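Trainee: I would like to go through this model and ask what stands behind each label. Please set the values against the cut-offs as we go.

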Amino acid sequence: MQITKVLFLAPHISTGGMPQYLLKILESLSEFETYVVEYNNISPHYIVQKEKIKQLVGDNRFFTLEKDKRELYKILDRIRPDILHLQEIPELFMDYEITKEIYEARRSFLIYETTHSSDFDVSEKVFLPDKFIFVCPFSEIQYSRFNIPSEIIEYPIDKCIKNRQLALDDLKLDVNLKHIIIIGLFTPRKNQAYIFELARLLLNYPIQFHFL
């Protein structure tokens with residue numbers, strides 16, 4: 001039986017939500033032959049997910065593009081994947097001419113797209129994939145105008161704490177309070193200001209917010 005080849009193309013694989021999502025997807029695809037291409041190498045320091053992904057797929061199936069992004073053509077020709085799965089819409093990270101060549105050329109592989117951004121103006125979408133894989137229902141609503149097949153694969157929540165009180169005692173947190181954890185970089189695009197407003201509205205309730 002022929003094994004399906006899937007090549008994942010990510011804008012970067014520095015530490016963050018998108019690389020972590022990609023890692024989880026790769027862990028679930030053990031029956032496929034998977035490859036990963038990193039379009040931009042943002043930093044040599046934030047490599048937690050990158051090292052895990054390399055270990056998972058193998059160094060010979062992990063590629064980082066340097067200045068000449070046209071190397072992607074050679075990788076596609078060599079691997080000949082069945083599916084090219086972009087971990088963001090190409091309009092947000094790929095060179096226009098390279099994207100145009102890949103999407104419009106006669107190709108043997110399908111193109112899937114996943115977006116991890118909610119602030120892209122969908123009316124400006126130029127290139128259309130064969131299928132969308134969305135991380136949440138909101139994205140599916142945003143892109144429904146294109147009538148392209150889609151699927152929602154949300155990030156799985158690992159419930160690893162069996163005893164709440166023991167966990168809170170270990171962290172020296174008040175067991176009588178509800179604890180809400182917000183994880184992420186403080187940037188305008190991620191709109192943590194919204195969470196601050198919610199916290200202010202709940203000042204008189206037994207709730208404590210933790211920002212990591």
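Mentor: Start with a cut-off: a residue is exposed when its relative accessible area is over 50%, and buried when that area is under 20%. Keep in mind that this is a predicted model.

Trainee: Why is K172 called exposed?

Mentor: K172 has 74% relative accessibility. The cut-off for exposed is over 50%, so K172 counts as exposed. K172 is placed in the loop between helix 6 (164-170) and strand 8.

Trainee: Where is N147, and is N147 buried or exposed?

Mentor: N147 lies in the loop between helix 5 (137-142) and strand 7 (150-152). Its relative accessible area is 68%; with exposed set at over 50%, N147 is therefore exposed.

Trainee: Why is V6 called buried?

Mentor: The relative accessible area of V6 is 6%. Buried means under 20%, so V6 is buried. V6 belongs to strand 1 (residues 5-10).

Trainee: Which residues does V6 touch, leaving aside its neighbours within four places in sequence?

Mentor: V6 is in contact with F32, E33, T34, Y35, I83 and H85; contact here means heavy atoms within 4.5 Å. By contrast, E197 is 191 residues from V6 along the chain, and their C-alpha atoms are separated by 42 Å.

Trainee: What makes S43 a buried residue, and where is S43 found?

Mentor: S43 is found in the loop between strand 2 (33-38) and helix 2 (48-57). A relative accessible area of 7% is under the 20% limit, so S43 is buried. Beyond its neighbours within four places in sequence, S43 is in contact with S14 and K50.

Trainee: How do you know that the side chain of S43 makes a polar contact with H45?

Mentor: A polar atom of the S43 side chain lies 3.0 Å from the backbone nitrogen of H45. The limit for such a pair of N or O atoms is within 3.5 Å.

Trainee: What makes one face of helix 4 the buried one?

Mentor: The buried residues of helix 4 (residues 96-104) are I98, T99, I102 and Y103. Seen down the axis, they fall within an arc of 120 degrees, so they line one face of helix 4. An α-helix has 3.6 residues a turn, so residues three or four places apart point the same way. On the other side of helix 4, E97 and E104 are exposed.

Trainee: What covers the buried residues of helix 4?

Mentor: The cover includes helix 3 (71-79), strand 4 (83-86) and strand 5 (110-113).

Trainee: Why is I181 called exposed?

Mentor: At 53% relative accessibility, against a cut-off of over 50%, I181 counts as exposed. I181 is in strand 8 (residues 178-182). With I183 and L212, I181 forms a nonpolar surface patch of about 360 Å² accessible area together.

Trainee: How many residues has the chain, and what share counts as buried?

Mentor: The chain has 212 residues, and 38% of them count as buried. Its secondary structure comes to seven helices and nine strands.

Key. Residues are numbered from 1 along each chain as its sequence is written. This is a predicted model: local features need pLDDT of at least 70, side-chain atom pairs count only at pLDDT 80 or more; totals for chains, interfaces and linings use all residues. Side-chain values use heavy atoms; hydrogens and water are left out. Patches are made of residues with over 30% relative accessible area and no salt bridge: like charges are joined within 9 Å, nonpolar side chains (Val, Leu, Ile, Met, Phe, Trp, Tyr) within 5 Å. Accessible areas come from the Shrake-Rupley method with a 1.4 Å probe; for residues, only the protein chains shown count as cover. A salt bridge is a side-chain nitrogen of Lys or Arg within 4 Å of a carboxyl oxygen of Asp or Glu. Helices (H or I, at least four residues) and strands (E, at least two) are DSSP runs, numbered from the N terminus. Buried means under 20% relative accessible area, exposed over 50%, partly exposed in between (1.4 Å probe, protein chains only). A polar contact is a pair of N or O atoms within 3.5 Å; within protein, one must be able to donate a hydrogen and the other to accept it, and residues adjacent in sequence count only if both atoms are side-chain atoms. The arc is that of the directions from the helix axis to the C-beta atoms.
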